[in-house]
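Take a look at the model first.

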Amino acid sequence: MSFFKNLGHIHANVSATIEKVAGGTVKELKGLFDSDHRHDDPEEKARDAARTKILEAHRFKSFSTERDGNICKWHVDGHDFMWALSELIDSAKEQICIMDWWLSPELYLRRPPALHPQWRLDRLLEKKAKQGVKVNVIVYKEVTQTMTMSSKHTKDALEDLHPNVACMRHPDHIGSKDSIQFWSHHEVVIVDYHYASIGGLDLCFGRWDTHSHPLADAHVTEHDRTLFPGQDYNNARVLDFQKVERYVSNQLSTLETGRMPWHDVHMTIVGPTVLDIAQHFIERWNEVKKRKYAELERYTWLALPHNLAAAPNEAISSHPDLEHFIYIENQFFISNTKTGAAVVNQIAGALVERILRAAKDGQKFKVIVVIPEVPAFAGDIKDASALQIILGAQWRTINRGGDSIMEKIREAGYNPEDYIRWYHLRAYDRINGPYHTFIKEMEEKTGITFHQAQVALARKWIGKIDESWVQEDVAIKAPLPTKDGLVEEGNASKIEPVKYPETEEEADQILAKFEAAASRKDDDVSDSVGHHAMQDTTALHDERWLGDEAEERECYITELLYIHSKLLIVDDLRVIMGSANLNDRSQKGDGDSEIALVVEDQDMINSRMNGKPYKAARFAATLRRALFKEHLGLIKPQHCEPETKDIVTSYMTPVPHPHKDTTMSKEDSLVADPLSDDFDQLWNGTAHKNTQIFSEIFKYVPSNNVRSWKQYENYVPKVKAGHVGHADMPVSEIKDKLNKVQGHLIEGAVDFLVEEKEIVEGVRWSSYDPTLPIYI
């Protein structure tokens with residue numbers, strides 16, 4: 001160790017700038033050679049060898065074995081899951097453990113927030129901590145130069161609640177002893193080592209959403225109806241989160257920019273597997289404590305809740321090969337069909353192998369993949385390298401570059417679309433923002449702008465704040481017409497500075513004064529209309545508008561529905577659900593740390609597959625049917641309003657409460673058999689019709705109509721991104737077309753920019769690019 005002491009002595013005598021760099025180098029070198037990290041002493045080697053032997057006996061070499069006797073319950077979208085989670089957390093008697101990529105203390109688990117102030121996450125955790133419950137939280141410590149979620153704010157806000165709350169940030173990055181490129185991507189909550197939740201939903205801004213996925217949340221005369229307060233109203237395609245520690249700093253104009261809706265899947269669990277999940281958390285907690293917090297009493301060592309050595313290792317069922325059908329929902333789709341390439345994981349190769357086997361055997365076999373249209377990054381696709389790299393990697397997986405799934409199937413003499421297709425989700429809405437005929441008059445009467453009222457509302461919901469808390473003016477960004485089609489940033493936005501109210505009382509006064517200036521009631525105008533894509537009792541034609549036609553046309557918007565799920569369903573028998581994306585960062589094993597559950601249900605239901613009677617597992621089959629019904633608009637709208645405050649459905653409660661049984665419903669029968677011709681016509685017909693309607697009205701991108709940059713320039717209209725692409729299209733025609741939209745399903749834009757070879761070819765993909773692992 002004398003080398004490090006001497007180096008440290010030399011480094012102490014140089015300039016402050018050099019000190020920072022050299023100090024980081026010393027820490028990284030220490031971390032590299034530290035015997036505590038190498039696991040090279042006899043005791044560590046023996047322990048590692050014993051663990052390896054145990055894992056090799058487990059299916060998939062998982063850290064835990066298969067366990068029977070669990071109850072698992074799926075939850076689709078944030079509205080249902082977060083309500084269920086609020087019940088679990090509120091039931092805690094001893095311990096709450098949370099491991100998350102991003103956690104926003106100010107997140108409302110129940111909405112509208114004005115009716116559920118006590119159900120904000122930090123307030124709920126404070127309540128439990130005061131009751132004596134220990135709250136242990138691990139969050140990802142971001143690279144501050146590239147990410148905006150402020151884990152420091154998370155840690156400070158949580159630990160200021162009560163001494164019983166402890167929050168660790170990990171890992172440290174470049175220049176630290178524990179320098180790690182990637183780390184935790186988990187979304188896990190454990191309550192009393194009895195209940196757990198796993199899936200794709202982070203407890204952070206932007207994730208809560210209903211099945212109707214509204215884009216609009218402007219409430220001119222009744223601000224308390226707001227669903228997405230402050231920073232929670234977000235569109236990451238337009239502008240990434242900014243200064244999240246400043247809750248008021250929502251820089252998007254709710255009058256002009258729609259939010260980006262969020263689709264996700266999660267589950268709650270009770271049973272023996274919860275102890276395995278607890279083991280995973282405890283081992284990570286203790287490891288982080290050893291590395292970063294060993295001397296700090298607030299971070300106590302945690303003990304395993306059961307004897308792991310005595311855990312059984314018995315399979316709960318046999319595991320035949322998949323026979324019929326695969327359904328995938330994922331945030332990404334990056335894989336490879338060959339080895340020795342830039343992308344390593346072989347999921348794509350496994351899909352090709354299984355499809356070709358079915359094709360050669362004359363077997364009917366289908367794969368449906370639902371992914372986002374584009375990654376949720378702000379930036380023009382022509383200029384943003386991150387967007388191009390991720391899209392290029394996905395297209396190289398799907399249909400380009402020589403080794404893609406579709407190319408390999410065609411090479412074998414078969415039509416890939418007979419076996420595998422990709423889809424996206426998209427939504428529409430109408431912002432209740434009649435500015436010139438209504439809102440402008442309110443502004444002139446009061447001297448208060450709508451955006452000042454928007455900021456006042458967010459300030460009201462902060463509640464009491466520390467005296468040292470300082471909020472600068474909020475820079476509201478309103479979009480201008482743009483040709484980029486994908487984003488509004490830089491010169492594509494005008495900025496309006498808004499001063500935030502210093503007290504709740506001042507915020508209340510601003511809101512009361514602004515709302516009182518309304519010359520008419522606004523009850524007859526819906527604040528959101530996208531729910532008509534679901535099984536509503538009324539039609540879009542029934543929606544009233546009290547402004548002029550040009551104003552109403554300007555308020556119709558569309559946006560991609562972002563898919564964040566990490567889900568695979570096989571043959572309506574097996575489900576993989578967790579935090580792992582379909583890319584190398586999650587799948588290689590040496591990138592992001594992930595956790596997922598394989599659920600194989602022994603509760604079988606009568607179903608159909610390829611026109612024949614079929615026994616399906618209840619968990620897998622009902623989850624897939626629920627997703628398909630939502631995507632096809634075969635469920636009722638999910639309203640979240642003061643009028644629905646006391647309605648709690650079976651989907652909003654956690655385990656062990658079962659779902660309402662809908663397996664015999666008409667809507668279930670339409671989606672029960674994923675291989676039937678009737679379903680195929682329904683699914684693909686709906687996707688095609690929706691795609692055509694959105695294209696005709698909004699001329700959105702990405703689109704299969706745009707195959708080159710030249711076509712891109714000619715196709716994208718010069719309007720605010722997401723708004724109607726035809727200035728002269730009558731509102732009646734817009735309503736006629738949108739009224740025919742069913743659900744949110746659209747066709748995959750797999751041929752978008754297909755003629756631009758440089759996106760999927762070149763040095764980046766033929767040789768090792770050290771920046772690729774960050775994106776893929």
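## A buried asparagine

Asn234 is buried, at 10% relative accessible area; buried here means under 20% relative accessible area, exposed over 50%, and partly exposed in between, with a 1.4 Å probe and protein chains only. Keep in mind that this is a predicted model, where local features need pLDDT of at least 70 and side-chain atom pairs count only at pLDDT 80 or more, while totals for chains, interfaces and linings use all residues. Residues are numbered from 1 along each chain as its sequence is written, and side-chain values use heavy atoms, with hydrogens and water left out.

Asn234 turns up in the loop between strand E6 (195–199) and strand E7 (262–263). Helices (H or I, at least four residues) and strands (E, at least two) are DSSP runs, numbered from the N terminus. Setting aside neighbours within four places in sequence, Asn234 is in contact (heavy atoms within 4.5 Å) with Leu239, Asp240, Phe241, Leu252, Arg259 and Met260.

The largest nonpolar core has 61 residues, and Ile190 and Leu623 have the most contacts inside it. Such a core is a set of buried Ala, Val, Leu, Ile, Met, Phe, Trp, Tyr and Cys residues joined through side-chain atoms within 4.5 Å.

Beyond its neighbours within four places in sequence, Ile190 is in contact with residues including Gln95, Tyr195, Val274, Ile277 and Phe281. There's also a second, separate core of 57 residues, with Val133, Leu239, Ile381 and Leu753 among them.

## Rings meeting rings

Rings of Phe, Tyr and Trp (its six-membered ring) pair if their centres lie within 6.5 Å; planes under 30 degrees apart count as stacked, over 60 as edge-to-face and the rest as tilted. That rule gives 21 aromatic pairs. One of them, Trp208 with Phe228, is edge-to-face, at 5.7 Å centre to centre and 65 degrees between the planes. Both Trp208 and Phe228 sit in the loop between E6 and E7, 20 residues apart, and both are buried.

Phe628 and Trp683 make a tilted pair, because their ring centres are 4.5 Å apart and their planes are at 40 degrees. Phe628 belongs to helix H17 (residues 618–631) and Trp683 to helix H19 (residues 677–698), so the pair ties together parts 55 residues apart in sequence.
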